[in-house]
Amino acid sequence: MYTRPLARLIEQLQRLPGIGPKSAQRLALHILKRPHEEVETLAQSLIDAKQQVGFCQVCFHLSAEPVCEICHNPNRDNSTICVVSESRDVIALEKTREYGGKYHVIGGVISPMDGIGPEQLNIQPLVRRVSQQKIEEVIIAISPSVEGETTTLYIGRLLKPFTRVTRIAFGLPMGGDLEYADEVTLARALEGRREFD
Ligand code: ZN
């Protein structure tokens, strides 16, 4: 159906999340129509992003620098840490413009079925941060799936001896991802956070 290099491009695009065969074909045909230079810029930006973006050594948010801009920002509240599962949750919360503290990205959720225990996540560095710095509140903002709940309970129990721990009040459907919540819902969830018990 497709000439070989085109088939390969479609095949690769189709591996991206949310891209089905139809979208992959549409994108591939679009790319072929674009000027050579534009396609090269696209290809190069894929390679650059992959090569240059790593993790902030403090909070584990995606960053091209050793320490990310949020951690660097002196105007942000150093005494509050919001714990999220993925970098995309930081982005979702930043969009609400309601949160002025710092973050900690643990990099997933505890899921024994997938072989992910606490050791596979950035939980130890979080405990170190909270126990060694003057942290007044840790807000846990992890989606309330079964694994998310397990993770929230695990982290809450670990951190409670050191500081005040709260969790955001999800008006979200069970298993709803932070990134799919609209900004108002997320801002309200943050505002309505409650004590971890
Ligand atoms: Zn950071």
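1. The largest nonpolar core has 21 residues; such a core is a set of buried Ala, Val, Leu, Ile, Met, Phe, Trp, Tyr and Cys residues joined through side-chain atoms within 4.5 Å, where buried means under 20% relative accessible area with a 1.4 Å probe, protein chains only. C82, V84, L93 and Y103 have the most contacts inside this core. Two or more residues each come from α4 (69–72), β3 (77–84), α5 (87–96), β4 (101–105) and α8 (183–191). Helices (H or I, at least four residues) and strands (E, at least two) are DSSP runs, numbered from the N terminus.

2. Apart from that core lies another, of 17 residues, including I110, I123, I155 and F196.

3. A word on the source: this is a predicted model, in which local features need pLDDT of at least 70 and side-chain atom pairs count only at pLDDT 80 or more, while totals for chains, interfaces and linings use all residues. Residues are numbered from 1 along each chain as its sequence is written, and side-chain values use heavy atoms, with hydrogens and water left out.

4. Next, look at helix α6 (residues 124–132) and helix α7 (residues 146–159), whose axes come within 10 Å and cross at roughly 30°. Axes here are lines fitted to C-alpha atoms over the stretch in contact, with angles from 0 to 180 degrees between N-to-C directions. On the α6 side the contact (heavy atoms within 4.5 Å) is made by L126, V127 and V130, and on the α7 side by I155, L158 and L159.

5. Finally, L29 sits in helix α2 (residues 21–33).

Conventions: Buried < 20%, exposed > 50% of the residue type's maximum accessible area, 1.4 Å probe, protein only.
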